[in-house]
Amino acid sequence: MSARRAFLDITPGETRGVVTLDGRPEHLLIRRDDDDPRLEPGARIAARVRKVEPAFASAFVDLGEGLEALLDFPPDRRPVEGQMLEVEVRSAPRPGKLAGVRASGPGEAPVRLLAPGPTVAERLARLVRSQDLVTGAEARRMADAAEEAALTEAHVLPGGGLVVIEPTRALVAVDVDLGPRKGPDPKSLVRQLNLMAIAETARLLRLKGLGGLVVIDLAGRGHDGTALLNAARNAFAADNPRVAFGPISRFGTLELTLPRRTRAAAEILLEPGGAPSDRTLAQRLVRRAESEAEAETGRVVKIQAGPGLARLAWPLVDRLAERMGARFDREVASDWPRDRFEITVP
């Protein structure tokens with residue numbers, strides 16, 4: 001039976017949660033202090049209908065302070081412009097796409113946040129029931145490992161073989177590669193590889209926060225479609241409802257659609273070009289500073305960083321110093337690149 005554990009890592013400015021499945025990360029939850037609570041899944045908002053698009057059975061709703069979301073509605077529940085509704089955020093926004101909301105009933109003016117979405121700890125408790133949250137150094141190591149795995153494209157399967165996951169604007173492409181695997185029965189070897197790859201793909205897509213149309217290019221040809229589809233339904237059962245599968249094509253591909261509910265980890269952690277964002281670098285700096293301060297109790301920890309990184313990191317370091325009672329000596333290195341920082345104990 002599969003075993004899940006939950007880990008919670010809290011740093012000034014950021015909370016990270018991880019769920020592991022048989023010791024490997026399956027979910028990575030990241031909440032930053034400056035995230036807008038009106039865009040978090042589960043938040044309830046009194047919203048105003050700004051524009052109705054009957055041809056698409058959708059409406060744009062005003063969440064306040066310039067924020068909008070997309071509301072899909074059934075034909076018999078078409079809203080009218082200016083109407084107040086109580087809505088719940090069902091999916092977080094992503095590049096080029098608005099947050100998705102669901103109407104739960106009539107609302108009362110003014111437009112405002114009625115209740116925030118669940119905290120990271122509450123989300124972990126829902127994913128892993130009747131389990132204590134692991135905190136401290138073990139949780140930090142697991143969160144760091146989960147971040148690394150979430151940002152990796154090629155994943156080695158136990159015993160050999162690869163699963164490569166590449167999100168595009170239109171879909172998520174998954175390539176299953178046999179690699180150096182060898183055995184006396186090539187057909188059975190390919191079958192076992194594909195079954196393992198489907199299970200790993202389900203876990204990794206949850207970890208990366210990816211969804212939408214997914215195309216899995218399976219290894220080999222002449223597949224047992226029934227066995228592979230049954231394996232896929234079992235592997236993606238945790239993502240229901242709204243998971244749909246197509247048949248195995250004659251080209252050896254399996255297509256499915258997954259609901260998008262959270263922001264992808266890469267969208268949170270990286271710039272559009274693929275480099276770590278300034279905010280991600282600032283959080284890494286603060287975690288390193290905390291580790292050094294814990295290891296060198298009573299000594300001054302020196303932090304050096306470039307101007308842009310220092311601007312984001314110094315307020316977080318102030319909060320860390322207040323929480324720990326530690327001393328940090330900070331220096332701005334004006335000629336350093338944006339991603340460079342150094343932490344030493346003189």
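## Charges over rings

The charged end of Arg330 lies over the Trp314 ring, 6.0 Å from its centre. A charge counts as over a ring if NZ of Lys or CZ of Arg is within 6 Å of the ring centre and within 35 degrees of the ring normal. Arg340 likewise sits over the face of Trp336, and here the distance to the ring centre is 3.7 Å.

This is a predicted model, in which local features need pLDDT of at least 70, side-chain atom pairs count only at pLDDT 80 or more, and totals for chains, interfaces and linings use all residues. Residues are numbered from 1 along each chain as its sequence is written, and side-chain values use heavy atoms, with hydrogens and water left out.

## Nonpolar cores

The largest nonpolar core has 44 residues, and among them Phe236 and Leu254 touch the most other members. Such a core is a set of buried Ala, Val, Leu, Ile, Met, Phe, Trp, Tyr and Cys residues joined through side-chain atoms within 4.5 Å. Helix H3 (residues 186–208) contributes the most to this core, with 8 residues; helices are DSSP runs (H or I, at least four residues) and strands likewise (E, at least two), numbered from the N terminus. A second, separate core of 20 residues includes Ala282, Ala293, Ala313 and Trp314.

## Around Phe236

Phe236 has 0% relative accessibility and counts as buried (buried is under 20% relative accessible area, exposed over 50%, partly exposed in between, with a 1.4 Å probe and protein chains only). Beyond its neighbours within four places in sequence, Phe236 has contacts (heavy atoms within 4.5 Å) that include Ile198, Leu205, Val243 and Leu258.

The whole structure holds 1 aromatic pair. Phe236 and Phe245 form this edge-to-face pair, at 6.1 Å centre to centre and 65° between the planes. Rings of Phe, Tyr and Trp (its six-membered ring) pair if their centres lie within 6.5 Å; planes under 30 degrees apart are stacked, over 60 edge-to-face and the rest tilted. Phe245 is partly exposed, at 26% relative accessible area.

## Salt bridges

A search of the whole structure finds 32 salt bridges, each a side-chain nitrogen of Lys or Arg within 4 Å of a carboxyl oxygen of Asp or Glu. Arg338 forms one with Asp278, the closest N and O atoms being 2.7 Å apart. Arg338 is in the loop between E18 and E19 and Asp278 in helix H6, so this bridge ties together parts 60 residues apart in sequence.

Arg338 also meets Glu271 in a salt bridge of 4.0 Å, N to O. Glu271 lies in the loop between helix H5 (265–269) and helix H6 (278–295), 67 residues from Arg338.
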